[in-house]
Amino acid sequence: MDVRSVCVFCGSRPGARPEYLEAASLMGTELARRGLTLVYGGASVGLMGAVADAALAAGGKVVGVLPGFLGAKELAHRGLTELHSVDSMHERKALMEKRSDAFIALPGGYGTLDELFEIVTWAQLGLHQKPMGLLDTRGFFQPLLAMARHHAAEGFVPVEQAAPFAVSDSPAALVDRLLAGPTMPTVQKWLKRTRQT
Ligand code: AMP
């Protein structure tokens, strides 16, 4: 599948270190430089605002998807190429998935994790084959990768799927990897019952 649009999940806060905002800006610039449309949550604040501002400043297209009830709270970005107002968080995630050919998570909070893992579980179920990546600024995602290995070691995630992401601290290297194809290895999920069940 050709990758023309990339969804970025990231914090609605700026984080505790300036490197996080810098990384979000670099990612926005990199997507625009390559002619890739940025799809994101539509807010003007935190890393979300930084990635959108940078993509727009570099001449890129930016599609925002914001639930109506968050518009005032999260300060909708008013300068986007497209801003879609939806009725629920479920609709938001569904539309972001539909409009995107690949996904990248930047540092963020529970919202970022929720969005990322919904996309991971949909890939695991075979509902999409779109590549997924983590921008690992300052090793931000190493604890999450360790947690995924723990879930696999304890038998709840197939070992082949313990790291279903491309991982890099370089926006350019990460985008290169996503353009190379799917990151989630396919395994049959409910293949056979084990003797214990
Ligand atoms: P956060 O990483 O918590 O700053 O949130 C980043 C994005 O995720 C924002 O667009 C939030 O609106 C969204 N978000 C926050 N909480 C949730 C949630 N419980 N479920 C889905 N998305 C959320």
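# Close-up views of the predicted model

View 1. Gly 59 is exposed, its relative accessible area being 65% (exposed means over 50%, buried under 20% and partly exposed in between, with a 1.4 Å probe and protein chains only). The structure is a predicted model, in which local features need pLDDT of at least 70, side-chain atom pairs count only at pLDDT 80 or more, and totals for chains, interfaces and linings use all residues. Residues are numbered from 1 along each chain as its sequence is written, and side-chain values use heavy atoms, with hydrogens and water left out. The loop that holds Gly 59 runs between helix H2 (46-57) and strand E3 (62-67) (helices, H or I of at least four residues, and strands, E of at least two, are DSSP runs numbered from the N terminus). Thr 29 is 30 residues away from Gly 59 along the chain, and the C-alpha atoms of the two are separated by 8.7 Å.

**View 2. The salt bridge of Arg 138 and Glu 19.** The model has ten salt bridges (a side-chain nitrogen of Lys or Arg within 4 Å of a carboxyl oxygen of Asp or Glu). In the pair shown, the closest N and O atoms of Arg 138 and Glu 19 are 3.4 Å apart. Arg 138 belongs to the loop between strand E6 (132-135) and H5, whereas Glu 19 belongs to helix H1 (residues 18-33), so the pair ties together parts that are 119 residues apart in sequence. Arg 138 is partly exposed, at a relative accessible area of 47%. Glu 19 is also partly exposed, at 31%. A further residue, His 90, lies 71 residues from Glu 19 in sequence and 31 Å from it in space, C-alpha to C-alpha. His 90 is part of helix H3 and is exposed, with a relative accessible area of 63%.

**View 3. A salt-bridge network that includes Glu 30 and Arg 33.** Salt bridges link Glu 30, Arg 33, Arg 34 and Asp 176 in a network. Within it, the side chains of Glu 30 and Arg 33 meet at 2.7 Å, N to O. These two residues are separated by about one helical turn, because they are three residues apart in helix H1. Glu 30 is buried, with a relative accessible area of 10%, while Arg 33 is exposed, at 59%.

View 4. The side chains of Asp 114 and Lys 93 form a salt bridge, at 2.6 Å from N to O. Asp 114 is partly exposed, with 39% relative accessibility. Lys 93, at 12%, counts as buried.

**View 5. The largest cavity and its lining.** There is one cavity of 30 Å³ or more, and the largest cavity holds about 30 Å³ of space. On a 1 Å grid over the protein atoms alone, a cavity is a set of points where a 1.4 Å probe fits but cannot get out, a pocket is an open set with protein on both sides within 12 Å along at least five of seven lines, and lining residues have an atom within 4 Å of a point. Points are joined across faces, edges and corners, and volume is the space filled by probe spheres set on them. The lining of the largest cavity is formed by Phe 9, Lys 93, Met 96, Glu 115, Glu 118, Ile 119 and Trp 122. Helix H3 (89-99) and H4 are the elements that give two or more residues to this lining. H4 gives the most, with four residues. By class, the lining has four nonpolar, no polar and three charged residues (nonpolar: Ala, Val, Leu, Ile, Met, Phe, Trp, Tyr, Cys and Pro; charged: Asp, Glu, Lys and Arg; polar: the others, Gly among them).

**View 6. The second largest pocket.** About 570 Å³ of space lies in this pocket. It is lined by 30 residues, of which Cys 10, Gly 11, Ser 12, Gly 111 and Thr 112 are the closest to its centre. Strand E1 (5-9), H2, H3 and H4 each supply at least two residues of the lining, and the largest share, five residues, comes from H4. The lining divides into 15 nonpolar, eight polar and seven charged residues.

**View 7. A nonpolar patch on the surface.** Tyr 110, Leu 113, Phe 117 and Met 147 make up this patch and together have about 430 Å² of accessible area (by the Shrake-Rupley method with a 1.4 Å probe, only the protein chains shown counting as cover for residues). Patches consist of residues with over 30% relative accessible area and no salt bridge, like charges being joined within 9 Å and nonpolar side chains (Val, Leu, Ile, Met, Phe, Trp, Tyr) within 5 Å. Helix H4 (residues 110-124) gives the most to the patch, with three residues. Met 147 lies in helix H5 (residues 142-153) and is partly exposed, with a relative accessible area of 40%.
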